[in-house]
Every structure is written in C-alpha cells, then in structure tokens.
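The sequence and structure are shown first.

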Amino acid sequence: MAKKKIGIYGVLESTANNKVEDLYLIVDESAIAFSVKNNISNTYQCFEYFVNDPENIGWNQLVAYLQNNSKLIQNTYCNIYFVMNNSSYIVTKKYTIEDQLLYKNELSLLYEVSTEEEVQLTPLANDKMLVYSVPDHLNTLLTRSFPTGKWHHYTEYLLQYPKDGVNVTMFNNNFCVVIHQEGQLKLINHFKVGGDDQNTYTLLNTCTNAGIVPNVFSLTIAGFDAEQLNWIKTLQRYFADTTILMAPSEGIGTNLNKEFPHHTYAPYFIF
C-alpha cells in the first residue's frame, strides 16, 4: 500500500481572488512530493511526500492514495507545476526548425518512447533543448485533480542557474550528476544508487569521462540521508571543497531540517 512519509504544513494565504502560492508536484520514479511555495515571500509553506508500494505497478494506486490523504490537494494555487523527475531525458542541440518528431527520434535512440507517451520540449540556454516524455495515463491521472497543471522536468531547474563544479542530487533510487566548467555544461546524467564504493566509483569515473580532475573542483551535494553519511565523508577527500545543501531555513524549513538533519528532502526546495 502507498503511504505518506512526511507532511509539514504552514499557513496558506491564497484565496480565489488572490492566489499567492504555487504548487510543485514532483513525480519521482516511486514517489510523489507536494512542495508549496509562496511566490510573494519566496518561502516554502507546505510539504508532503508520498511513496508507492514496491508491489504496485504504475501510478494508479499512489495517485488514488494521495487524492484521499493529501491535505494540499484541494487548496487554491496560482500556478501548478508537474515536475517529472526521472532519468529518461536528453539535453541536445536546438534545431532551427522545431519539429517534435526530430526530437522524439533522438530521444528514442536512448530510451523507449511508446505511442502512449507525449514528448515534451523545454528550451535551454546556449541553443540547447531538454527533451523528455510523459506517459499519457500519468498525465490523465494528475490533470483530473489539477486541470491547469503544466509539465516540466526536474533537470530544467538544476540547469537554470549554472554553478561551476560537480553537483550531486540524491533521490531514493538514483542520483543526478551535473558538471559545469566556466559556465558551460560538461555533463548531466542519472545513475542508480548502489553501495558506497560503487557510488564513489561512479562519480569519480563520471568526472574522468567529463575530462575534469576532481581535486580542483567543488562538490555540492543535496538529498543524502543518514545511511549515506560515511559515503559523503569519503567523497570529501577527492574534491577541493564540499557544500551540503539544506532545505531553506525560512518557512517550514526550520521544522524540516530539525526532523531530518541529514537534509533528505533538500532537493524538493530548489524551485
């Protein structure tokens, strides 16, 4: 059975005539998170995190569960963002003619794109395009509750403000590595979470493939839990310096950081 792992609630101020909060509904591979941000004060006011049962196939049971158990699903919002957070995406060059079929064919070279998925395109800086797909049934399930929701991809937010160095964002089943050098994107990729040694090898090998030497680069990490603390300490030895991202201290961040001191949910507050 699906379950709610966390729910932290502040005061929501939106009314029908004065909508001041945005909802970010982040769809991970096996979880859905609700992150509510006041776009006037720029603070996060509420957060919920639901996980799917490992035996459930697809999203029907999880979406049905949160429809009955979320305290945020009936609220009024200014904007609603559906944020796909998976590893099936590409960052490619922007074609002079925006032909969705061209991008779909390029995405299909790396990932299986079925006829029941809609390809989404997000223009990026430096004539790049982010390409990913959304299953039709998932879109249908979410738009029943949020008919105004618009799709984005999590990597869009990771690339929004380039920061030189190696940036690692941890999730339940995978982690995303983004490497920038002199303001240019060198690499972005997702990897399955393994043991500490495997994760270390994966990250260092990724740096090698990107043509960078770790000990002259900064490492930024978001989203690890207590069980990964030793791994983080090991990684620190390989990089020039290390920054661990926390959830913002304003709004509900104080309570969140107190309950989860290893910053497990920091990746859901980057919007």
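## Helix packing, salt bridges and selected residues

Asn-199 is found in helix 5, where helices (H or I, at least four residues) and strands (E, at least two) are DSSP runs numbered from the N terminus. The model is predicted: local features need pLDDT of at least 70, side-chain atom pairs count only at pLDDT 80 or more, and totals for chains, interfaces and linings use all residues. Residues are numbered from 1 along each chain as its sequence is written, and side-chain values use heavy atoms, with hydrogens and water left out.

At 1% relative accessibility, Asn-199 counts as buried; buried means under 20% relative accessible area, exposed over 50%, and partly exposed in between (1.4 Å probe, protein chains only). Apart from neighbours within four places in sequence, Asn-199 is in contact with Phe-175, Lys-192, Val-193, Gly-194 and Trp-231, contact meaning heavy atoms within 4.5 Å.

Asn-199 also takes part in a helix pair: Asp-196, Asn-199, Thr-200 and Leu-203 in helix 5 meet Asn-230, Trp-231, Thr-234 and Leu-235 in helix 6. By class, this contact of helix 5 with helix 6 has three nonpolar, four polar and one charged residues. Here Ala, Val, Leu, Ile, Met, Phe, Trp, Tyr, Cys and Pro count as nonpolar, Asp, Glu, Lys and Arg as charged, and the others, Gly among them, as polar. Helix 5 (residues 196–209) and helix 6 (residues 229–236) pack at an angle of about 35 degrees, their axes lying 10 Å apart. Axes are lines fitted to C-alpha atoms, for helices over the stretch in contact, and angles run from 0 to 180 degrees between N-to-C directions.

In helix 3 (residues 136–145), the buried residues are Leu-138, Leu-141 and Leu-142. They cover an arc of only 90 degrees around the axis, which puts them on the same side of helix 3; the arc is that of the directions from the helix axis to the C-beta atoms. An α-helix has 3.6 residues a turn, so residues three or four places apart point the same way. The cover over the buried residues of helix 3 includes strand 2 (21–27), helix 1 (60–69), strand 5 (79–84), strand 8 (128–135) and strand 9 (150–153).

A salt bridge is a side-chain nitrogen of Lys or Arg within 4 Å of a carboxyl oxygen of Asp or Glu. By this rule there are two salt bridges, tabulated below.

| Salt bridge | Closest N and O atoms |
|---|---|
| Glu-48 with Lys-4 | 3.5 Å |
| Lys-192 with Glu-29 | 3.4 Å |

The pair of Lys-192 in strand 12 (residues 184–192) and Glu-29 in the loop between strand 2 and strand 3 (31–38) links distant parts of the chain, 163 residues apart. Lys-192 is exposed, at 58% relative accessible area, and Glu-29 is partly exposed, at 33%. In the other pair, Glu-48 is buried, with a relative accessible area of 0%, whereas Lys-4 is partly exposed, at 27%.

Two residues other than glycine have positive phi values. Phi of Asn-42 is near 60 degrees; Asn-42 is found in the loop between strand 3 and strand 4 and is exposed, at 51% relative accessible area. Asp-127 has a positive phi of about 55 degrees, lies in the loop between strand 7 (117–124) and strand 8, and is exposed, at 55%.

Lys-128 is found in strand 8 and counts as partly exposed, at 36% relative accessibility.
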